[in-house]
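Subject: Structure handover

Hello,

Here is the structure for you to look at. Please open it first, then read my notes below.

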Amino acid sequence: MTTALWLLAATAVVVFLVWRLRRANHTLDTILREERERPPVPLDTDDEPHEVGRHRRDP
C-alpha cells in the first residue's frame, strides 16, 4: 500500500511538472511571436553623438 501511495505521489509531481513546462513553453512562444510581429523601431539619426571621457571636454 505504501508503494502505491509513493507511486501516486510521484506521478502527480511528474504530471504537475509537465503541465508547468508546457505552460511556460506556450508563454514563451506567445512572447516571441509578438516580438516578431512588432514593427521595428526607427532609429533617430538627428541626434548628435555623445561625447565621452575627459579628453573630449572643452578647456
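A residue counts as buried under 20% relative accessible area, as exposed over 50%, and as partly exposed in between. F16 has a relative accessible area of 47%, so F16 falls in the partly exposed class. Please keep in mind that this is a predicted model.

Now the chain as a whole. It has 59 residues, and 0% of them count as buried. The secondary structure is 1 helix and 0 strands. The accessible surface comes to about 6,600 Å². Carbon and sulfur atoms account for 61% of that surface.

Next, the aromatic rings. How many aromatic pairs does the structure hold? The count is 1. F16 and W19 form that pair. Two values describe such a pair: the distance of the centres and the angle of the planes. For F16 and W19, the centres are 6.0 Å apart and the planes are at 40°. An angle under 30 degrees would count as stacked and one over 60 as edge-to-face, so this pair is tilted.

Where do the two residues sit? Helix α1 covers residues 2-37, and F16 and W19 are 3 residues apart in it. That puts about one helical turn between F16 and W19. W19 is partly exposed too, with a relative accessible area of 47%.

Last, the charges. Side chains of opposite charge can pair when their charged atoms come close. The structure holds 1 salt bridge. Which residue does E35 pair with? The partner is R38, and the closest N and O atoms are 3.5 Å apart. The cut-off is within 4 Å, so the pair qualifies. E35 is partly exposed, at 43% relative accessible area.

Best wishes

Methods. Residues are numbered from 1 along each chain as its sequence is written. This is a predicted model: local features need pLDDT of at least 70, side-chain atom pairs count only at pLDDT 80 or more; totals for chains, interfaces and linings use all residues. Side-chain values use heavy atoms; hydrogens and water are left out. Helices (H or I, at least four residues) and strands (E, at least two) are DSSP runs, numbered from the N terminus. Buried means under 20% relative accessible area, exposed over 50%, partly exposed in between (1.4 Å probe, protein chains only). Accessible areas come from the Shrake-Rupley method with a 1.4 Å probe; for residues, only the protein chains shown count as cover. Rings of Phe, Tyr and Trp (its six-membered ring) pair if their centres lie within 6.5 Å; planes under 30 degrees apart count as stacked, over 60 as edge-to-face and the rest as tilted. A salt bridge is a side-chain nitrogen of Lys or Arg within 4 Å of a carboxyl oxygen of Asp or Glu.
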